[in-house]
Amino acid sequence: MGRETSALRPATEATCAGGDAVPVRGARTINMGNLRSDHGVEHRRRMGRGLHCALILTAGIAGCFRFTPGGSGTVSEPPPEATNPDAGTGNDDGRAQQKPATGVYFNDFTASVGSGWSATRRDSAPVGNRAYLGQFRNDTVTLRLAALPPHAQVTVAFDLYLIGSWDGNNKDSGPDVWSLTDGEGRSLIRTTFAYLPFVKQAYPNSYPFGSHPGRTGAIENNSLGYSYFDEDGNIQQWNSVYHLRASAAHSSDTLTLNFSAAGLEEEGSETWGLDNVSVLVSLPEGEWETALVIEAEDFATRAIGGAIPSGWNIWQTGRITDWIKVDPRCTNLRLTGVVKADPARGNWPIMGITVDQRFEAHTTTAQHDWTAHSFDIRVLPGVRQVGFCFTNDEPPEPGQDRNLYVDRLEIAVPKGTPRAAWPTRVPIPDYLAEPKVPVTDDDVTALARRNIETYRKGDFHVRVVDSAGRPVTGETVRFDMFRHHFLWGSAVRFDLGDPDTPLERTYRRELGEMFNFGTTENLLRWGHFEPRRFWAGPSYLEDALRWARETDPAASLVINEYEVVAVPYMADNFFVRMKDAMERGGPLDGVGIQLHSNLGEWYTPREMWRAFERMAQLGVELHLTEVSLGAEGTMVNGGPFHGRDWSDELQAQYYEQVMTIAFGHPEVSSVTFWGFTDRRHFQPGSGMLDLTLRPKEAGRVYRRLLEQDWSTDEAVVTDAQAVAALRGFYGWYRVVRGDEVAIVPLFPGASGDPERPLTVNLHPFGDTDGDNDRDELDLAKLGECFTDEGVGPVLPDCAMLDFDADQDIDCDDWGAFAATWTGTGAPDYPPCTMPLPVAQGAGSRYVTLTVPPGPHPVAIHVTSDEWLCVSKYVDPSGLLVDEPVYLMPDAWGTVNLADPFIVPDSTYRFQAEADGYRSRRATAITWMWGDANHDGKADEDDVVLVVDAFHGNYSDLPFQQVDLAGCVPNRGVDFDDLTAVYSAVAGDPYSAICPAPCNPEGGYWDSQVDDLPEEAPEAPQ
């Protein structure tokens, strides 16, 4: 492609913004799937793998399209060179001039293969019905063109379809080599491709050099619709599309191109095809003149990097750009980048030329000295963003650093082009002016805190009327906020166990108490249900938004992107694309910002605020859609504690910073944490709860902020007009006066005018239908709202039943409801009216259990707060089993329960179960390990008791108190019990005698309940 080389090189089509490039020239369709999901160019701050549109859409956005200031950006249909091969420039006197970059051939094989090809076989992709030339195996397919116009260089661009299990560099089953040569035998492209990321391929390097994850540089993956059965009988989608483009010196009027593959499996599991083949020829040297030079230090936007003398050092896969105005009379330009570079890990930087964020051309910059690299490009007229990008700054070996240094960009036009048609620099568009951000991080934090008081609270005037319709004047009324208006949510995983285990119950309880909404993480991505991906035309984003709106007019449509905070130009790219989509009719309601700390990132308040301010210019809601903070086992990357190891304290401090900055920006509407427990988190250690689902310091900070600092619970005295005036956080409130209550949403827009107060009518607690009675309709509502003990949350339409305001509708509320019953007959609610079993600890290893009388057979279910793996049933023999055992209550009698899962100093819960209902829980706590006399300690007195029992002298001491040893107590005293009591007195833990329950290595692990997974859950999407 560059005139400094005499042979074509494979062109990587990876965009500099980190997304996969969409083919602009010749593009007829765009993958609506996750275009970035298998991209091989990683960022040091890579957060996720694509965008999400609420309900239906996942797509790569930034860096994939032509961005046109003013919203006229398009993804062009068949390339301008092909559809208008005679397009060129003219002199003022009207004399014809040689075309600077002329399309001499284009074929998308929709109609026919046409002449010039040695093969005429065509196929159509199952998805999208895209016609292409192929399929081929170890074949050579030749294209011959004649009567080319005078030229000095030829460029060929095409889409390469790869189908099946391509093995890349693997020498056992490959290598699978794909090549392009010309008629003189010159190797233009020779590389390998692999079908999955864990298989290495040479591309974007030439084989045998390069070792990259499979699918590196692919513009589409699993989009063609070809399916295969793997060795395990599972359906797999193994296909990719690469857009290749290369140039070489060439002046003959004939051209031969040989496309071929070698090393593929002959049985047809590895094939290839061609689409959108375009051939262009260019002006000879000396036929260009420089029209514009932009020095690197003068570029309008400069990516992460640093200034050098008369230039810029691009770091971290970044870019620098400027804006030019292109005249319709001069759209064929030569862009020359003057750059130098440092290699690392044997690889030199890849420098790309971009137009409107579109990766147009590239070359490997293998020079330490300043070198010019030129590319002939056709640019659409209008205001365009042009610049450089650095595509392969993946982390090198320690002590190495790969850098790309930029000196200037030269833009040349064909000689004779009138000066009035030359491209000119223009100011950065107003809408991309740098957002205004306070000077320091402390300034941002202070502003956020002021904004919380200003934008997250309101002045309310509420007129209170009692259940008899009388104004409540001069009395104290309590306003208790129980649910935020702002959305605090989490990704939810209900896929890892029995929903009735203590683990699941605890998980759901914490989820309900901590958050007011959630998302299903990755479980509803279409790949779980539909192996094929959808296809549409160039306006797919706008079309998808319109389709979603038509399907559900009430849905809020949000698209989210990653690295919006990490890399400023990503925020700008995302902003421009969303602005363009909205101006093209896309009904967008909000944009989402991912904020992951996969590599230990600590984003500063200024970095966050800058991204929020940029996206706020769209005038739609902002959401933090995927937040994970403080990765265990990593160092802090950035921020005030850069280089330190993450700790619980630093993680909690970072949680507070992020929550404060997000809550303090007036345009942010929600924060979604991508998991909240270390037990179920794609990033180990990032949760607010630990592996046992108990709060970490971050969890305590989170609850303090939401339940104390940012919540309102205030007693207000009504005035003579029965109006209570208060200022409080926006949310759902319980307005309480004695035994009367009203549930009121005090949201933005609720009355702050004392002359027009909001009227609320109080009703008795439990009166859910507002008729001032507690009757059968209210009882039915109680059953609907019942959350059991400790499993919230209370939703607004159930809050009238939360008598004790503990955020649960449980049997305590049932008791209060029944005590004030006004309906007919006696109310009955089986979970609260079934007799409870009687249970108590009877020793370190025993619980005695008595089932009360009753008319129906019952089973006894056992759980434990300490041991979340315990979800068992009692067997009459005193052991725990997996299936319920139903007996009449008098047949149960009293059971001495002793089992490997019944261990010292632990709390157990017992419920009677019958007819699909479970009673309330009875609680029993086993004694301290070795405490035979139940005095709260293990000492010499306990040794004496066990020794006496060993010799047969029980002194009326129940055997349960002195039967201490054995994984299953043997209901007697032997030498093992003597050893156990001596161990306990010496301070040894119980597990020194018998493994604790739930220990996978101890042999008593319940396989139905998840321990830590062997591999982390799937990363965020």
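Hi everyone, let me start with a term: a residue is called buried under 20% relative accessible area, exposed over 50%, and partly exposed in between, using a 1.4 Å probe and protein chains only. By that scale Phe747, at 26% relative accessibility, is partly exposed.

What we are looking at is a predicted model, where local features need pLDDT of at least 70, side-chain atom pairs count only at pLDDT 80 or more, and totals for chains, interfaces and linings use all residues. Residues are numbered from 1 along each chain as its sequence is written, and side-chain values use heavy atoms, with hydrogens and water left out.

A word on confidence. pLDDT is the predictor's confidence in each residue, from 0 to 100; the chain averages 80, and 83% of the residues score at least 70. Over residues 1–99, though, the pLDDT is below 50, and it stays under 50 over residues 528–538 too. Where pLDDT is low, the predicted coordinates should not be read in detail.

Now to the aromatic rings. Rings of Phe, Tyr and Trp (its six-membered ring) pair if their centres lie within 6.5 Å; planes under 30 degrees apart count as stacked, over 60 as edge-to-face and the rest as tilted. How many aromatic pairs does a search of the whole structure find? There are 40. In one of them, the ring centres of Phe515 and Phe673 are 6.5 Å apart with planes at 50°, so this pair is tilted. Phe515 is in the loop between α3 (502–514) and β33 (517–519), while Phe673 is in strand β38 (residues 668–673), 158 residues apart. Helices here are DSSP runs of H or I, at least four residues, and strands are runs of E, at least two, numbered from the N terminus. Both Phe515 and Phe673 are buried.

Let's go back to Phe747. Its ring and that of Trp732 have centres 5.6 Å apart and planes at 85°, so the pair is edge-to-face. Trp732, in strand β41 (residues 731–737), and Phe747, in the loop between β42 (740–746) and β43 (758–761), are 15 residues apart in sequence. Trp732 is partly exposed as well, with a relative accessible area of 22%.

There is also an aromatic cluster, whose members include Phe486, Trp488, Phe515, Phe673 and Phe729.

Finally, charges. A charge sits over a ring if NZ of Lys or CZ of Arg is within 6 Å of the ring centre and within 35 degrees of the ring normal. Lys340 has its charged end over the ring of Tyr405, 5.8 Å from the centre, and Arg614 has its charged end over Phe575, at 5.6 Å.

Note on methods: Contact means heavy atoms within 4.5 Å.
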